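This report walks through a protein model, starting from a single residue and moving on to the sheet and its surroundings. Please keep the sequence and the structure in view while reading.

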Amino acid sequence: MTVTTKIEKLIRKHPCYNKNAKDYGRIHLPVAPKCNVLCNFCNRKYDCSNESRPGVTSQVLTPKEAALKTIFYREKLPYLTVAGIAGPGDPLANAEKTRQTFNLIRKIYPDMHLCLSTNGLSLPENIDWIEKLGIKHVTVTVNGIDPAIVENIYSFAVKDGKVYKNREMAELIIENQIKGIRKLLSRNILVKVNTVMIPGINDNHIIEIGKFMKELGIYIYNVIPMIPVEGTVFWKKGIKKTPQKEKLKKIKNELEKLGLKIMNHCGRCRADAVGRVRGEQKRKNKFITVASSN
Ligand code: SF4
Ligand code: SF4
């Protein structure tokens, strides 16, 4: 099988990696409550903004409950072809629960795509089991590649029991994200990179991130406008504006000119979303879930 055929096979029934796969759907399994960083745009009372959606998950599930939920919905909605874990914290800060959940789903539905979303801090050390379980779609949120910018985006990071802050934290996050992405790509895993666009913080840095991601060889790039949420570090600092649509459009156009595949149909879903993906424009502030997790 050629590389192109292999990729086509991987995206044919994945509605996030392929906008033409809109007849298929995904189930997000909220099994990962903890996080190993604090993003300044995140309010943990709400959700994981790895997918930048300040909605809520109705409840955190155990791996067994997540498997039962998948069976329940897959019987009702046979078009569900993707099982993903995207929070409400970071899936790899809850690596064992995430691994167990995927393991169960893999056994029950060998044909389902398994999909993971992470801030990347704990990515390098988790890639062996990710590959072994046949997870072929991983999203990494990279909000900057310059430590001077990144240190303004996170308040702290925790790795191997040590708390990191400021420049040291920024360098650690960037190093692990890049190392993780390189490793994923070397194992033929499709990588989607998300960047949360934060006005006045990283909005003028996104082209640089995109260029670097293109060089690394990611599959698709998704720029997500920050949704200001009360109670976040940014909110307290007075950073409350949503990015301008025109600026976002201009950035995406420039990124496309660089030859990057750009995601324009992200629904910024909840950590417990189930169903087909509906793009941002059509969403009109409604959650796109067809059901909550109970
Ligand atoms: Fe919140 Fe996700 Fe950032 Fe963790 S990685 S702080 S859950 S947005
Ligand atoms: Fe797909 Fe975006 Fe929804 Fe994630 S948040 S499941 S990438 S549409």
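## An exposed alanine

Ala148 counts as exposed, because 10 C-beta neighbours lie inside 10 Å and the exposed class takes in residues with 12 or fewer. The model in which this is seen is a predicted one, and the values that follow should be read with that in mind.

Ala148 has its place in helix H5, which spans residues 147-150. Between Ala148 and Asn166 there are 8.9 Å from C-alpha to C-alpha, although the two are 18 residues apart in sequence.

## The chain as a whole

The protein chain contains 10 helices and 10 strands, and 48% of its 294 residues count as buried. Among the contacts in the protein chain with a separation of 6 or more, 72% are made by residues 24 or more positions apart.

## The seven-stranded sheet

Seven strands form an open sheet with mixed pairing, and their order is E9-E8-E5-E4-E3-E1-E10. Strand E9 (220-225) and strand E10 (274-276) stand at the edges with a single partner strand each, so one side of each has no neighbour in the sheet. From one strand to the next, the twist averages 25°.

Helix H2, made of residues 63-76, packs on this sheet and touches strand E1 (25-28), strand E3 (80-85) and E10, while the direction of H2 makes about 155° with that of E3.

Which strand is largely enclosed by the rest of the structure? Strand E3 is, because six of its six residues are buried, and a residue is counted as buried when 20 or more other C-beta atoms lie within 10 Å of its own.

On one pairing, E1 and E3 run in the parallel sense over four bridges, with Arg26 standing opposite Val82 in E3. In the other, E3 pairs with strand E4 (residues 113-118), also in the parallel sense and over four bridges, and here Ala83 has Leu114 of E4 as its bridge partner. The chain passes from E3 to E4 through helix H3 (residues 95-108), and this β-α-β crossover is right-handed.

## Strands E5 and E8

Further along the order of the sheet, strand E5 (residues 137-141) and strand E8 (residues 190-197) run parallel and are joined by five bridges. Within this pairing, Thr141 has Asn194 in E8 as its bridge partner. In general, strands of a sheet pair through backbone hydrogen bonds, in either a parallel or an antiparallel arrangement.

Definitions and conventions
Residues are numbered from 1 along each chain as its sequence is written. Chains are lettered from A and ligands numbered from 1 in the order in which they are written. This is a predicted model: local features need pLDDT of at least 70, side-chain atom pairs count only at pLDDT 80 or more; totals for chains, interfaces and linings use all residues. Two strands pair if DSSP finds at least two bridges between them. Helices (H or I, at least four residues) and strands (E, at least two) are DSSP runs, numbered from the N terminus. Axes are lines fitted to C-alpha atoms, for helices over the stretch in contact, and angles run from 0 to 180 degrees between N-to-C directions. Two residues are in contact if their C-beta atoms, placed from the backbone, lie within 7 Å. A crossover is right-handed if, with the strands pointing away from the viewer, the path from the first strand over the helix to the second runs clockwise.
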